[in-house]
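Here are my notes on the model, as numbered points. Have the structure open while you go through them.

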Amino acid sequence: MLPHGAAAYNLARWLCRNEADARDIVQESFARALQYFSGFRGGDARSWLLAVVRNTARSWLKSKPPMASAKANSGAEASWQDEAEPLEAPPGSGTPPGADPLHAVISDEQARELRQAVMELPVEHREVLVLREFEDLAYRDIAAIVGCPIGTVMSRLARARDALAARLREEARVS
């Protein structure tokens, strides 16, 4: 499980949108994974662990009162986006080494807009997008993690990509 800790934290952080809560979710997920390890029947340990993280995060999201969750996230999202070490993002969305300062500012702004757009997606869309694009999992693995047919994963991913593209086009128009 330990080699997949970064992927577990990345998924939890995207789902709950709060750094401290993501750490708690990962800790609880590891405890649950150890407790129910006898139920693991082989296969991809990473997918199995991410399914545990996803289920733990979903339970956590359901248990949070809507107002408390929104209030807690409002400050956490801003600080999260301004961190020096950003959350893993798709390849090509960072600042290339040796880039001129103007290019660096533009790339950082685009990365910030991308993170914000992903965070605004509904959880069902955000989780499949993160698992596919950021964690590079196959549709079959994502379907096993989320507990739905591959076709549903594909349609959620298509909707997530469409919503993300529309949001980024809107941002570009406003800018």
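1. Start with Arg 58, which touches Val 123, Glu 124 and Glu 127, leaving out residues up to four places away in sequence; contact here means heavy atoms within 4.5 Å. Arg 58 belongs to helix H3 (residues 45–63), helices being DSSP runs of H or I with at least four residues, numbered from the N terminus. Its relative accessibility is 19%, so Arg 58 counts as buried (under 20% relative accessible area, 1.4 Å probe, protein chains only).

2. A word on the source: this is a predicted model, where local features need pLDDT of at least 70 and side-chain atom pairs count only at pLDDT 80 or more, while totals for chains, interfaces and linings use all residues. Residues are numbered from 1 along each chain as its sequence is written, and side-chain values use heavy atoms, with hydrogens and water left out.

3. Now look at H6 (residues 123–134) against H8 (residues 150–174): they pack at about 95°, with axes 8 Å apart. The axes are lines fitted to C-alpha atoms over the stretch in contact, and angles run from 0 to 180 degrees between N-to-C directions. That angle makes H6 roughly perpendicular to H8 (65 to 115 degrees).

4. On the H6 side, the contact includes Glu 124, Glu 127 and Arg 132, and on the H8 side it includes Arg 156, Arg 159 and Leu 164.

5. Finally, Val 26 sits in helix H2 (residues 19–35) and is buried, with a relative accessible area of 12%. Neighbours within four places aside, Val 26 contacts Ala 8, Tyr 9 and Ala 12.

How values were computed: Helix = DSSP H or I, 4+ residues; strand = E, 2+ residues; numbered from the N terminus. Parallel < 35°, antiparallel > 145°, perpendicular 65-115°, else oblique. Buried < 20%, exposed > 50% of the residue type's maximum accessible area, 1.4 Å probe, protein only.
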